[in-house]
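Reader: I have a structure to look at and would like to learn how to read it. Where should I start?

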Amino acid sequence: CRATRDSQETSPREDESPIHGLSETIVGVLGGGQLGRMLCQAASQMAIKVMVLDPQQNCPASALAYHHMVGSFDDSATVEEFAKRCGVLTVEIEHVDATTLERLEQQGVDCHPKASTIRIIQDKYLQKVHFSQHDIPLPEFMQIDDFEGAKRAGNLFGYPLMIKSKRLAYDGRGNAVAKSEEELSSAIAVLGGFDRGLYVEKWAPFVKELAVIVARGRDNSILCYPVVETIHRENICHIVKSPANVSWKVQRLATDVAYKAVSSLHGAGVFAVELFLTEDDQILLNEVAPRPHNSGHHTIESCYTSQFEQHLRAVVGLPLGDPSMKTSAAIMYNLLGEDEGDRGFFLAQQLIGRALGIPGATIHWYDKPEMRKQRKVGHITIVGPSGADVEKRLDSLLNKERFDSQ
Ligand code: ATP
Ligand code: MG
Ligand code: MG
């Protein structure tokens with residue numbers, strides 16, 4: 001009873017064989033975006049059944065899921081109904097109703113990661129309070145409730161000042177920078193004012209952004225993937241390089257901070273820890289995602305166990321797999337909608353056409369129902385014998401003239 005675009009409302013058949021491959025647990029995923037889609041791809045290799053809950057009829061995971069329940073992962077009754085059909089409940093997005101998950105846990109529903117983890121992470125301010133209580137190094141931060149509070153924060157932390165929404169943030173939508181006190185009110189207005197719940201962070205003068213995917217099994221075993229460098233453009237992840245070109249000491253410190261951060265949270269699954277590296281080799285935590293993450297997409301081609309397979313192994317209670325790299329280097333390039341509608345598709349397809357001719361390149365197209373500017377629509381991973389080599393191949397992909405003349 002694989003759900004197709006025409007049969008999304010069909011239910012898993014009662015008369016099917018009870019044997020479900022490596023695990024008999026049906027994994028329910030709140031959200032059916034590209035992360036849900038890639039979870040389904042990994043699940044199919046292991047014959048694990050993944051059900052997704054997503055309001056969009058033709059969401060990216062829909063065509064590949066064992067079953068797609070069309071509905072809101074924010075609606076309590078719908079999530080409850082969905083949970084009844086799954087053996088374990090997990091998420092591909094942290095902006096879900098944590099109160100419902102807490103209630104379901106009390107009723108015995110198996111949620112991974114735990115609802116308490118989702119509650120902490122989905123509020124970036126709460127997240128910062130939590131990690132500071134666990135002695136994780138962070139940029140200084142404080143809540144702001146009114147304009148006077150924002151001015152006080154500016155005086156204390158200086159400018160530029162990073163102002164962030166506490167909730168519902170992604171791809172930098174929810175961040176605004178005030179370069180001076182004069183810009184405070186416009187930055188706050190961009191974020192929709194104080195009603196949305198704001199806090200500020202001291203500017204982190206980073207030289208690189210790093211990330212570590214950390215996996216925790218149901219037995220609390222923890223494994224860390226190699227440290228990667230993430231390069232953002234306009235607050236959106238643009239390129240990921242694995243492994244990061246940093247000293248062994250920095251790799252060790254970044255891994256230690258990531259390990260410690262995830263150890264302070266509860267539940268199984270993979271977590272992504274976003275970090276800042278400062279000029280004097282300090283590591284500061286930016287934020288944690290309680291799910292597979294853009295900085296781990298390269299693992300599909302470059303690691304023995306991809307982050308998606310690892311997440312499934314973790315939540316169903318299989319032993320964790322080897323997170324180390326099986327290729328020397330990988331680089332991931334995000335395909336973002338460069339334009340709305342057909343023109344956006346055309347531009348992305350041009351790049352994909354060129355990627356088909358690049359050695360070591362793998363194309364991932366998320367099959368999103370619509371093309372919107374600056375939205376992730378796919379990614380390309382290039383693996384190869386060295387960091388310099390994969391960077392060169394990416395250069396040739398992005399530079400049409402050079403590519404054409406080769
Ligand atoms: P994501 O898509 O990763 O969830 P987000 O909307 O939660 O993004 P953040 O991770 O908070 O946003 O910030 C986005 C980017 O803004 C960071 O990757 C970093 O480049 C920059 N940034 C965030 N906080 C700071 C800071 N305190 N100082 C300097 N730059 C920052
Ligand atoms: Mg975030
Ligand atoms: Mg982030």
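Reader: Which residues of H12 are buried?

Author: This is a predicted model. A residue counts as buried if 20 or more other C-beta atoms lie within 10 Å of its own. In H12, that applies to Val 390, Arg 393, Leu 394 and Leu 397. They span an arc of only 100° around the axis, so they sit on the same side of H12.

Reader: Why do residues three or four places apart point the same way?

Author: An α-helix has 3.6 residues a turn, so such residues point the same way.

Reader: Which residues are exposed on the other side of H12?

Author: Ala 388 and Asp 395 are exposed there.

Reader: How many helices and strands does the protein chain have?

Author: There are 13 helices and 17 strands.

Reader: What radius of gyration would a compact globule with 406 residues have?

Author: The radius would be near 22 Å, and the protein chain has 21 Å, which agrees. Of the 406 residues, 46% are buried. Among contacts between residues at least 6 apart in sequence, 64% join residues at least 24 apart.

Reader: Which residues does the "domain: ATP-grasp" annotation cover?

Author: The unreviewed UniProt entry places that annotation on residues 128-316. Over that stretch the chain is 29% helix and 33% strand, and its end C-alpha atoms are 29 Å apart.

Technical notes
Residues numbered from 1 in each chain as written. Chains lettered and ligands numbered in written order. Predicted model: local features only at pLDDT ≥ 70, side-chain atom pairs only at ≥ 80, totals over all residues. UniProt positions renumbered as here; feature names shortened; annotations may be inferred. Helix = DSSP H or I, 4+ residues; strand = E, 2+ residues; numbered from the N terminus. Rg over C-alpha atoms; globule rule 2.2 N^0.38 Å. Buried ≥ 20, exposed ≤ 12 C-beta atoms within 10 Å, placed from the backbone. Contact = placed C-beta atoms within 7 Å. Arc of directions from axis to C-beta.
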